[in-house]
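Take a walk through the structure below.

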Amino acid sequence: MARGADPQMTVSQPSAVEIGLMSGRAGYVLRANDRGAFTVASPTLYPHMWSWDAGFVALGIATVSVPRALDELRSLLSGQWATGMIPHILFHSPSDYFPGPDRWRTQVAAARPAGVLTSGICQPPIHVIALSRILHDARRRGGADQQLAEEFVRETFDAWLAWHSYLATARDPYSYGLVEIHHGWESGMDDSPRWDSAYANVHPQPDMPPFVRADLAHVADPSQRPSDAEYAKYLWLLEQKVRSRYDDAVYRATGDFVMGDVLVSALLAAASDLLADMGEELGIGGGAAGGVEQSRAIARRFRTGVLRSVNPETGLARDLDLRTGQWLDVESAAGFAPLLCGGDDALTRRQRDLLLGPRWCGHSRLRWPVVPSVSPASPAFREQTYWRGPQWPVLNWLMAWALNRSGEPEAANQLRLAGLSQLIDCDFAEYYQPVTGQTLGSRDQSWTAAIALDFLAARRPAQRRPVRWLTSELPRITPTQRATHAAAGPAHPGHVAGRRPGHGPATAPQPQVHPQQRPH
Ligand code: 2M8
């Protein structure tokens, strides 16, 4: 237990029945979202392959099938640009998603890939973190899985290095050690208050082509999504990228949004170290000018950049407005970037305590002690608006992963168990209302199901166990079934041991009924 953390926040292990139900349904969701060689981010709202979603999806699938997980990453790499950039969306087939290929008009860019339509911006570099976890598991299993995973690393090492090098050069031309992003979408946290000051300077011009949003048709309540005014700004930046012909230097000189993203930078540092580790282990990219040394240098530069961004008073890392030179003090989960890339043990301990303490996961209003996207104690916190406060299972996974890596397995396990408790209704929502626990956004979101599988497989850290796909849909868990399971055994993730009054109900979450819920 971390110092300063609330000892009453301990959550218990899921029961065997719950493990079976959850892993079965999570597997079913990923199967249903599987389109052959790639997985759609969600069946309705996001009917394409998203870049960082694919990384999380691959590590979830790997708990079941290493070859299929590797195919997911291989498929993503088919969209890589000649610059090394991995685009944020691969449009494998037509759909009603907006903005689609017609809006992105990537044909203006010489560097676009042949054979697949893509967007023209990128997302956080989570992929090598996923790959290293897949390799680790494949090695533990041995045999064909190990051989396939090692071959895949050999085959793709240069492609990952090119991706990281693109971020380290085209997106950090002055070697600040912070990756420059050109759109809030590149951070993965679209409407986070991290970007409010930047968006205040984005002014859509009248010559922007008109648009009709498609996303609102897929959510129960528009307030869960960014507003129309925000959306117009997103599309204006997209337009600016097209007009710069996707040339980063031209956009830097003419575009409205140029921000140093501390979370992307920390992920780049962590992923670069892992790539170097894999290269060393497999004897790839050797020599002074080789890929291993290049990766180490990228890791060092961006780790330094992240640590330099920390506000000594708050202990949180900050994004940098590269136009004004101003550090942005916003209490978002990105402030924990140093946990991901390490490099300062005292700061790691401070951030661990902060994360588990009353301003964050231990906040008295939270339904589950899971990482919120914005601190509930911050004036910017909004309970149900997208990246302005709700809990995103992938963020919780990242922080648990980081804590484990920093030698904090107990703290990591707390996040894991709380995360599983949150997902126990098996809706696998896109994100969660942090105060009520209500599911928000899209249902059957692939990366959420993937996180459940990974968290379940990690229940015996020394011996991660494979889970099995379900071949047919499971009945939704009803309150009656839940009561029966709860009565059958004391270990229940819905039960938060010794919850104090006012910290949310001590009983299991009830399944939510939403107008758009699919019939089962
Ligand atoms: C959300 O972003 C897309 C745009 O890329 C959208 O709102 O339409 C974000 O949550 C992003 O992080 C995520 O990768 C994507 C698909 O899940 O959805």
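Start with cysteine 426, which is buried because its relative accessible area is 4%, under the 20% cut-off. The model is a predicted one. Cysteine 426 belongs to the loop that links helix 15 (409-422) to strand 8 (431-432). Its backbone deserves a look too. Cysteine 426 is not a glycine, yet its phi is positive, at about 65°.

Is tyrosine 246 buried or exposed? Tyrosine 246 has a relative accessible area of 9%, so it is buried.

Now step back along the chain to helix 8. Helix 8 covers residues 228-243, 16 residues in total. How many of the residues of helix 8 are buried? The count is 13 of the 16, so the rest of the structure largely encloses helix 8. After helix 8 comes arginine 245, with a positive phi near 55°.

The peptide bond that runs from phenylalanine 98 to proline 99 is cis, and its omega is near 0°. Proline 99 is in the loop between strand 2 (89-91) and helix 4 (101-104).

Next, move to glutamine 391. This residue is in the loop between helix 13 (345-356) and helix 14 (393-405). Glutamine 391 has 0% relative accessibility and therefore counts as buried.

Helix 14 is mostly covered, with eleven of its 13 residues buried. Among them are Trp397 and Trp401. Pro393, Val394 and Leu395 are also on the buried list, as are Asn396 and Leu398. Beyond helix 14 comes glycine 407, whose phi is positive, near 80°.

Helix 1 runs over residues 16-32 and has 17 residues. Its first and last C-alpha atoms are 24 Å apart, close to the 24 Å expected at 1.5 Å a residue. The buried residues of helix 1 include Ile19, Leu21, Met22, Val29 and Leu30. Glu18 and Arg25 are on that buried list as well. An α-helix has 3.6 residues a turn, so residues three or four places apart point the same way.

Aspartate 273 is placed in helix 10 (residues 262-282). Its relative accessible area is 14%, so aspartate 273 is buried. The side chain of aspartate 273 makes a polar contact of 3.0 Å with the side chain of arginine 296.

Glycine 305 lies in helix 11, residues 291-308. At 3% relative accessibility, glycine 305 counts as buried. Which glycine is 45 residues from glycine 305 in sequence? That residue is glycine 260, and the two C-alpha atoms are 9.8 Å apart in space.

Finish at the ligand. There are 16 residues around the ligand. Which of these residues come nearest? They are Asp53, Tyr97, Gly188, Asp190 and Tyr386. For aspartate 53, a side-chain N or O atom is 2.6 Å from an oxygen atom of the ligand. For tyrosine 386, a polar side-chain atom lies 2.7 Å from a ligand oxygen atom. For tyrosine 97, the distance from a side-chain N or O atom to an oxygen atom of the ligand is 2.9 Å. How much of the accessible area of the ligand does the protein cover? On its own the ligand has 420 Å² of accessible area, and the protein covers 100% of this. The space that the ligand takes is the largest cavity.

Key:
Residues are numbered from 1 along each chain as its sequence is written. This is a predicted model: local features need pLDDT of at least 70, side-chain atom pairs count only at pLDDT 80 or more; totals for chains, interfaces and linings use all residues. Side-chain values use heavy atoms; hydrogens and water are left out. Helices (H or I, at least four residues) and strands (E, at least two) are DSSP runs, numbered from the N terminus. The expected span of a helix is 1.5 Å times one less than its number of residues. Buried means under 20% relative accessible area, exposed over 50%, partly exposed in between (1.4 Å probe, protein chains only). A residue is near a molecule or strand if one of its heavy atoms lies within 4 Å of it. A polar contact is a pair of N or O atoms within 3.5 Å; within protein, one must be able to donate a hydrogen and the other to accept it, and residues adjacent in sequence count only if both atoms are side-chain atoms. Accessible areas come from the Shrake-Rupley method with a 1.4 Å probe; for residues, only the protein chains shown count as cover. On a 1 Å grid over the protein atoms alone, a cavity is a set of points where a 1.4 Å probe fits but cannot get out, and a pocket is an open set with protein on both sides within 12 Å along at least five of seven lines; lining residues have an atom within 4 Å of a point. A molecule sits in a cavity or pocket if more than half of its atoms lie within 2 Å of its grid points.
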